[in-house]
Amino acid sequence: LRDNRIELVRASWHELSISVSDVSLSDEGQYTCSLFTMPVKTSKAFLTVLGVPEKPQITGFTSPVMEGERMQLTCKTSGSKPAADIRWFKNDKEVKDVKYLKEEDANRKTFTVSSTLDFLADRNDDGAVLSCRVDHESLNSTPQIAMQVLEIHYTPLVKIISSNSWPEEGQTIILTCESKGKPVPEPVLWTKDGGELPDPERMVVNGRILSISFLNKTDNGTYRCEAKNPIGRNSTEYVLIVHDVFNTLLPTTVIPSLTTATVTTNVALTTSTTTSATAISARDPNALAGQTGPDHALIGGIVAVVVFVTLCSIILLGRYLARHKGTYLTNEAKGAEDAPDADTAIINAEGSQVNAEEKKEYFI
C-alpha cells in the first residue's frame, strides 16, 4: 500500500495495524495481510465503503401558485450507495402517492434517487410545509431534509354573519361580511336588491360591517356583499325580513287570561275572554311557545273586574233581601154590618189599629 492517506499505526511480531483517512469509494476492496514464514501465511478482509447521499433539493416549485393549477415537485439526491430512500411529508403527515426513480451514477458505484409529488393546488394547502426526507444507513439515523412552504393564491371566500336572527321593527341589525382570500381582498362592497343602499343615514358601512338602525318594513330585501382581489371576485347574499313587533308580543298577553277569567261569577266575562283566547290561538298556533312569565298588568285588571262584579252582586242581594224583610198583620174588621157608616165600623172593629199594638221593623 503506497498512499499518503494510509499510515502505520502499530508494528510488532504479533500485530500490524494501519489507518486510512479521508475514505473514498476507491478504498473499497479486498485487503490482505501476509506473514512471511515458510510457508507464507495470509489473511484477507473485504472493505465496503458507503456512499453518503448529498443534501436533497426540491425543484419544480414556482411561487405563487394559483388555485387549481397542477404542481409537480421533485426531490433529488445523488451519491448514495446503496440507493437512498426518499419520503414526502405535508405538515408532518406522510404523502404516499408519489413516483420513485433510481438511476446509477457514471462511476457505476453510487446512485441518484428522485421522487416526484404530483397534485392540484388547493386553498387549504396555502402555508403548508412540504418536506422531502432522505434516509440512509450512512446518516446514523439522522435523515437529511429539504423543505418548501406552499404559497397558493385564490379568490375570496365570502360569508355574511347577522347579529340578530329575528329582526323586529325599531331594532338595529349588524351584518358582518367575512372575506378570506390571497392576496388579501380589497374593502367589500355592500348593495341592496342590486343597487346602492337607499338610506345612508340609517345604513352605515364601516369596513366590512353594515349597520341598519330603526328597522322598518321598507328595509326588507336582499343585501349583497362582494369582495375581490387580483385573482378574482366572489359575493354572497343575505335576505332581510323585518318582523312586526305586535306578532311577537301577542302571545305574552294570552296565557294569564285563560286561567284568571274562569274564577269570576260573571258568565259574560268568562265567555268573552275564552273566545278571545281561542281566536288568538287560531291566528298564531305557536302563541304559547317561548312564554317565560305572566302579564302582571293583565292579571291586575282582571282581578279588579272580578272584585267589582262581586261587590255589585253583594249590594244587589242585600237590597233584594231588605225589600222582603218584616211581618205584616191584617185582621178583618168585625161588626161592620151593624155600623151606620164605614168610619164607625173601622173604629168599633175588633182588630182596630187604634187599640192594636204598635208593630216595628228593623233593618239589618
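The structure is a predicted model, in which local features need pLDDT of at least 70, side-chain atom pairs count only at pLDDT 80 or more, and totals for chains, interfaces and linings use all residues. Residues are numbered from 1 along each chain as its sequence is written, and side-chain values use heavy atoms, with hydrogens and water left out.

The structure holds 2 disulfides (pairs of cysteine sulfur atoms within 2.5 Å). One joins Cys75 to Cys132, with an S to S distance of 1.6 Å. This link is left-handed, at -75° about the S-S bond. Cys75 lies in strand E7 and Cys132 in strand E12, so the pair ties together parts 57 residues apart in sequence. Strands (E, at least two residues) are DSSP runs, numbered from the N terminus.

A disulfide also joins Cys177 to Cys225, at 1.7 Å from S to S. The link of Cys177 and Cys225 is left-handed, with -80° about the S-S bond. Cys177 sits in strand E15 and Cys225 in strand E19, 48 residues apart. Cys177 and Cys225 are buried.

Cys33 has 44% relative accessibility and therefore counts as partly exposed. Cys312, at 30%, also counts as partly exposed.

Ser138 is found in the loop between strands E12 and E13. Ser138 counts as buried because its relative accessibility is 17%. Beyond four places away in sequence, Ser138 touches Leu50, Gly51, Val52 and Pro53 (contact means heavy atoms within 4.5 Å).

Key: Helix = DSSP H or I, 4+ residues; strand = E, 2+ residues; numbered from the N terminus. Buried < 20%, exposed > 50% of the residue type's maximum accessible area, 1.4 Å probe, protein only.
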